[in-house]
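Here is a set of exercises to work through with the model open beside you. Try each task before you read its solution.

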Amino acid sequence: MRRFPLPLLVPAVVGLAFLVLPLLGLLVNAPWGTLPERLVEPGILDALRLSLECATLATVVSLVLGVPIAWLLARVEFPGRRLVRALVTVPLVLPPVVGGVALLLVFGRFGLVGKYLDQAFGFTVPFTTTGVVVAEAFVAMPFLIIAVEGALRGADARYEEAAATLGAGRWSSFVHVTLPLVAPGVAAGAVLCWARALGEFGATITFAGNYPGRTQTMPLAVYLALETDLDAAVVLSLLLLVVSVTILVSLRDKWIS
Amino acid sequence: MNLLDAHLIVDRGTFRLDLPIGVAAGEVVALLGPNGAGKTTALRTLAGLLPLTAGHVRLADRVLDEPSNRAPVPPERRSIGVVFQDYLLFPHLSALDNVAFGPRRRGVHRSAARAQAADWLGRVGLAEQARAKPRQLSGGQAQRVALARALAVQPDLLLLDEPLAALDARTRLETRAELQRHLAEHPGATLLITHDPLDALMLADRLVIIEDGRVVQEGDAGTIAAEPRTDYVARLVGLNLYRGQADEHRVRLSDAFAITVGEGGLAGDVFVAFAPSAVALFPTEPSGSMRNAWPAVIAGIQRHGDYLRIQLTGPIAAAADVTPAAAAHLHLEPGREVWAAVKAAETRAYPA
């Protein structure tokens, strides 16, 4: 058997420990004795439900808006395409809190767009559940766009040419050929996007606030609990961990492989 | 009146394709040329995947592309079927749905499209593979599905891009025979793109040979095989080819070398061609009349079927085919000096 090179093996083991130990810490410190009664406290399940709903809605929004963006970036030559690609990835490098501030400036009651939404429809986005979805989609959509664009670039565009010679217009060939070909990439991107949205904290608390039942998602609840009751924070964290890992693993089995 | 009437002019950097081409209904034309000659560019412009720089494409009296006049018709609105070199069967669809794809996109109802597709799969002998995904098909089967898919839209023009290139030798033989049958039944025009002369000679009614984006020769298989006009075509059909000035039976190939040919009454620039099997080799200068003989040096020896193909240098470069027994008897080896001879009656001379 070939020996593993130590310069690769040692950092790999250290890195694994670094990633896994904090999770172990959660498990070790969990108040196992009082866990059942803590889990059924009303606030907790509300926060969990809100988290799952908002992350799922944000993923749906990201799919509807992000897949067409990825298609544009991967398949259409247009001036300024590099600039657009850079803009799309800005939310990735922007601190989420800054993203939240920026969203307030646009969708706030006196913001660029929010002003008109308020005047015309009496509709406010910030500090509502809609605001949570907006904040999560803003932060998570780039993950989906990058994954889908990569999949589109990897997919052989000549299949689309073959579809065209068979009578398929661009929309038809997108629906019947391109999308099925990149489905694994779209699924992977959606999972990544969903996971990022589920863990979103900074933009959410800035843009949507922290109202239990309306905008308080699990990460916000964890942060709030930390101030008063460490055990409650650990329970919330553990719950979020178990739910997200379970969902990701079941999706992986279904979609990725 | 040709069903396809096109003059393809495409500029790509320093390369220019300038190809007038017409194909009648029911006719199979092979576009033959070396790599980089512009064959694929020609196919892509006809299919609408690449715009013309100038010229025109007319199919069944409908203008598909004419840069001086109008924007090109997009590929999905051309009555053209394409069999791509690597087939490009949609990997997520069954063989049946691949074939039904074209009719579906052209507005045929799902069940009717599937019935048509099943019919086409039956015609290419793949009724039992209808539900198979492309990755479960052998190379020959995939080729037949690709053909069925292209024919299922009943195109006025069928384009085949190196349809047999991806197959192994044995499958190629069977598939070629079957392809010939389907092409004969196709009522529209067919343009076959290939670099394999055998495919072209077997499948096509007429050959158009291009080099560097231009037509160098065109005609039926017999004429091209007998009277090649470029080194490339001569190599394809396996002949020695020379160009020279004729004066009755003598053709001067260079300042120092002339050859006697069977044809008389020639004058001016002519081609002279003869087969490698017509060249005989001798250890010393042969005697006898009506023979062209010259001293030559052996440059190389290769196996060529049951024969050895001897490459000769000397006053003219030539290839000679000899039996292994003769080669052993003459002690042929690279660098050895021999005499080469060709009977005048075995040469063919024709105006350049």
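What percentage of the 352 residues of chain B count as buried? The share is 39%, where a residue is buried if 20 or more other C-beta atoms lie within 10 Å of its own, exposed if 12 or fewer, and partly exposed in between, with C-beta atoms placed from the backbone.

Before going on, a word on conventions. This is a predicted model, in which local features need pLDDT of at least 70 and side-chain atom pairs count only at pLDDT 80 or more, while totals for chains, interfaces and linings use all residues. Residues are numbered from 1 along each chain as its sequence is written, and chains are lettered from A and ligands numbered from 1 in the order in which they are written.

**Exercise 1. Describe the two chains.**

Step 1: take the secondary structure. Chain A has 12 helices and zero strands, whereas chain B has nine helices and 20 strands. Helices (H or I, at least four residues) and strands (E, at least two) are DSSP runs, numbered from the N terminus.

Step 2: take the extents. Along its principal axes, the C-alpha trace of chain A spans about 70 × 65 × 30 Å; for chain B the spans are about 80 × 45 × 35 Å.

Step 3: look at burial and contacts in chain A. Of its 257 residues, 37% are buried. Of the contacts in chain A between residues at least 6 apart in sequence, 75% join residues at least 24 apart; two residues are in contact if their C-beta atoms, placed from the backbone, lie within 7 Å.

Step 4: do likewise for chain B. Here 63% of the contacts with a separation of 6 or more are between residues 24 or more positions apart.

**Exercise 2. Find the surroundings of Ala151(A).**

Step 1: locate the residue. Ala151(A) sits in helix α7 (residues 129–154) of chain A.

Step 2: decide on burial. Ala151(A) counts as buried because it has 21 C-beta neighbours inside 10 Å.

Step 3: list the partners. Beyond neighbours within four places in sequence, Ala151(A) is in contact with Val182(A), Gly185(A) and Val186(A). Gly185(A) is 34 residues away in sequence, yet the C-alpha to C-alpha distance is 5.2 Å.

Step 4: compare with Val148(A). Residues up to four places away in sequence aside, Val148(A) touches Gly66(A), Val67(A), Ala70(A), Val182(A), Gly185(A), Val186(A) and Gly189(A).

**Exercise 3. Trace the nonpolar cores.**

Step 1: A nonpolar core is a set of buried Ala, Val, Leu, Ile, Met, Phe, Trp, Tyr and Cys residues joined through C-beta atoms within 7 Å.

Step 2: take the largest one. It has 135 residues, and those with the most contacts inside it are Val148(A), Leu31(B), Val99(B) and Leu159(B). Its largest share, 17 residues, comes from α7(A).

Step 3: find another. Apart from that core lies one of 26 residues, including Val270(B), Val272(B), Ile298(B) and Ile310(B).

**Exercise 4. Work out the strand pairing in chain B.**

Step 1: order the open sheet. Five strands of chain B follow the order β13-β12-β11-β14-β20, with antiparallel pairing; two strands pair if DSSP finds at least two bridges between them.

Step 2: Strand β11 (residues 240–247) and strand β14 (residues 267–274) of chain B run antiparallel and are joined by eight bridges. Asn240(B) has Phe274(B) in β14(B) as its bridge partner.

Step 3: turn to the hairpin. β17(B) and β18(B) have four residues between them, and Gly314(B) in the turn has a positive phi of about 145°. Five bridges join β17 (residues 307–313) of chain B to β18(B) in antiparallel fashion, and Ile310(B) stands opposite Ala320(B).

Step 4: check the cover. In strand β18 (residues 318–322) of chain B, four of its five residues are buried.

**Exercise 5. Examine helix α1 of chain B.**

Step 1: count. Seven of the nine residues of α1 (residues 39–47) of chain B are buried.

Step 2: name some. Among them are Lys39(B), Thr41(B), Ala42(B) and Leu43(B).

Step 3: look just past the helix. Gly48(B) takes a positive phi of about 90° there.
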